[in-house]
Amino acid sequence: MTLVEAYDGRTTEQRWDWVLSRLQVVDIGKDEARQARRLLAGAELHGHKYAIDAVLAVIARQQEGQVTAFASDVDDLERLVPDTVVVKKV
């Protein structure tokens with residue numbers, strides 16, 4: 001979702017495919033949606049502005065080892081992930 005959010009129209013299809021080939025893309029299901037809702041509730045956030053960040057936070061929390069998450073608004077995402085997850089601006 002972050003990739004789709006960051007797309008600005010200048011990236012070619014070939015470049016887009018190259019980026020996707022180097023990332024782990026994860027499926028999102030009902031369990032992740034429930035976890036995301038709980039994260040939002042815990043941070044006293046709600047609505048579409050925070051939905052992508054909440055789902056990204058859930059996925060980042062599930063990863064092992066060093067984790068870096070990219071987002072257009074780092075402040076929102078940083079509220080939803082533990083300090084062990086590095087958040088960088090796209």
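Four residues of helix α3 are buried (under 20% relative accessible area, with over 50% counted as exposed and the range in between as partly exposed, for a 1.4 Å probe and protein chains only): Glu32, Ala36, Leu39 and Leu40. They lie on the same side of α3 because they cover an arc of only 95° around the axis, the arc being that of the directions from the helix axis to the C-beta atoms. An α-helix has 3.6 residues a turn, so residues three or four places apart point the same way.

This is a predicted model, in which local features need pLDDT of at least 70 and side-chain atom pairs count only at pLDDT 80 or more, while totals for chains, interfaces and linings use all residues. Residues are numbered from 1 along each chain as its sequence is written, and side-chain values use heavy atoms, with hydrogens and water left out.

The buried residues of α3 pack against α4 (48-62). On the face turned away from the buried side, α3 carries the exposed residues Lys30, Arg37 and Gly42. Helices here are DSSP runs of H or I with at least four residues, numbered from the N terminus. After α3 comes Glu44, with a positive phi near 55°.

Asp76 belongs to helix α5 (residues 74-78). Asp76 is buried, at a relative accessible area of 8%. Apart from neighbours within four places in sequence, Asp76 is in contact with Lys49, Tyr50 and Asp53, contact meaning heavy atoms within 4.5 Å. Ala54 is 22 residues from Asp76 in sequence, and their C-alpha atoms are 8.9 Å apart in space.

Technical notes: Helix = DSSP H or I, 4+ residues; strand = E, 2+ residues; numbered from the N terminus.
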